[in-house]
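Here's a quick tour of one model, covering ring pairs, a helix packing and a couple of pockets. Have the viewer open as you read.

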Amino acid sequence: MAEEPSREAVSQFVERFAGVLANSGVPTMSARVMGAMLVSPDGTLTAAELAESLKISQPAVSGAVRQLLQVSFISRERLPGSRKDHYRIREDVFAAILERRNLALSEWESTSRSGAALFPAGSPVANRLTEAADFFAFIHADMDQMIKNWRADRHP
């Protein structure tokens with residue numbers, strides 16, 4: 001069994017992980033909060049704990065938490081005997097992230113199809129937009145099935 005990592009090693013991991021999420025479109029502070037919550041032993045942290053561990057201000061935590069709550073990546077709860085809000089990372093957060101991204105693919109498809117309809121059938125522009133729409137539809141269907149398969153395998 002590996003020994004517990006140092007605080008510095010954990011902090012470096014959180015920043016690397018947040019950087020990866022940020023590079024894929026997750027706002028930086030929200031990505032950092034998600035990283036910190038992932039390495040929390042029970043998956044919950046208070047706003048004060050997040051601010052302390054990430055060395056950021058309470059308003060920065062508040063904004064990140066608000067955004068993560070809005071997209072249902074975390075939940076707010078009160079633990080028995082506590083007066084503070086505790087934030088818990090959603091168990092299937094990465095499937096949820098990909099579901100949201102998959103919804104975008106559906107919008108890209110419909111927008112591409114509506115654009116293709118503006119041009120004469122068979123024209124280079126209509127063909128290009130139709131191919132884009134077909135690609136987005138293909139990826140959307142595969143991603144949807146993969147998420148369903150993942151959940152079925154994880155929670156039979």
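Predicted model: local features only at pLDDT ≥ 70, side-chain atom pairs only at ≥ 80, totals over all residues.

## Aromatic pairs

The count of aromatic pairs in this structure comes to four. One of them joins Phe17 and Phe94, an edge-to-face pair with 6.1 Å from centre to centre and 75 degrees between the planes. Phe17 sits in helix α1 and Phe94 in helix α5, so this pair ties together parts that lie 77 residues apart in sequence.

## How α5 and α6 pack

Next up is a helix pair. Helix α5 covers residues 93-117 and helix α6 covers residues 124-154; they pack at an angle of about 160 degrees, and their axes are 8 Å apart. Angles over 145 degrees count as roughly antiparallel, and α5 and α6 are therefore roughly antiparallel to each other.

What is the handedness of the crossing where α5 passes α6? The crossing is left-handed. Sorted by class, the contact of α5 with α6 holds 16 nonpolar residues, along with six polar and six charged ones.

## The largest pocket

Now for the open space. The largest pocket holds about 580 Å³. It is lined by 20 residues, and those closest to its centre are Arg7, Val10, Ser11, Val39 and Ser53.

By class, the lining of the largest pocket splits into eight nonpolar, eight charged and four polar residues.

## The second largest pocket

The second largest pocket comes in at about 270 Å³. Its lining has 15 residues, with Glu91, Asp92, Phe94, Ala95 and Trp150 the closest to the centre.

Which of the elements gives the most? It's α6, with five residues. As for the class make-up, the lining of the second largest pocket has ten nonpolar residues, four charged and one polar.

Methods: Residues numbered from 1 in each chain as written. Heavy atoms only, no water. Axes fitted to C-alpha atoms, helices over the stretch in contact; angles between N-to-C directions. Helix = DSSP H or I, 4+ residues; strand = E, 2+ residues; numbered from the N terminus. Parallel < 35°, antiparallel > 145°, perpendicular 65-115°, else oblique. Left-handed = near helix turned anticlockwise from the far one by under 90°. Nonpolar A, V, L, I, M, F, W, Y, C, P; charged D, E, K, R; others polar. 1 Å grid on protein atoms, 1.4 Å probe; cavity = no way out; pocket = protein on both sides within 12 Å on 5 of 7 lines; lining within 4 Å. Points joined across faces, edges and corners; volume = space filled by probe spheres on them. Phe/Tyr/Trp six-rings, centres within 6.5 Å; stacked < 30°, edge-to-face > 60°.
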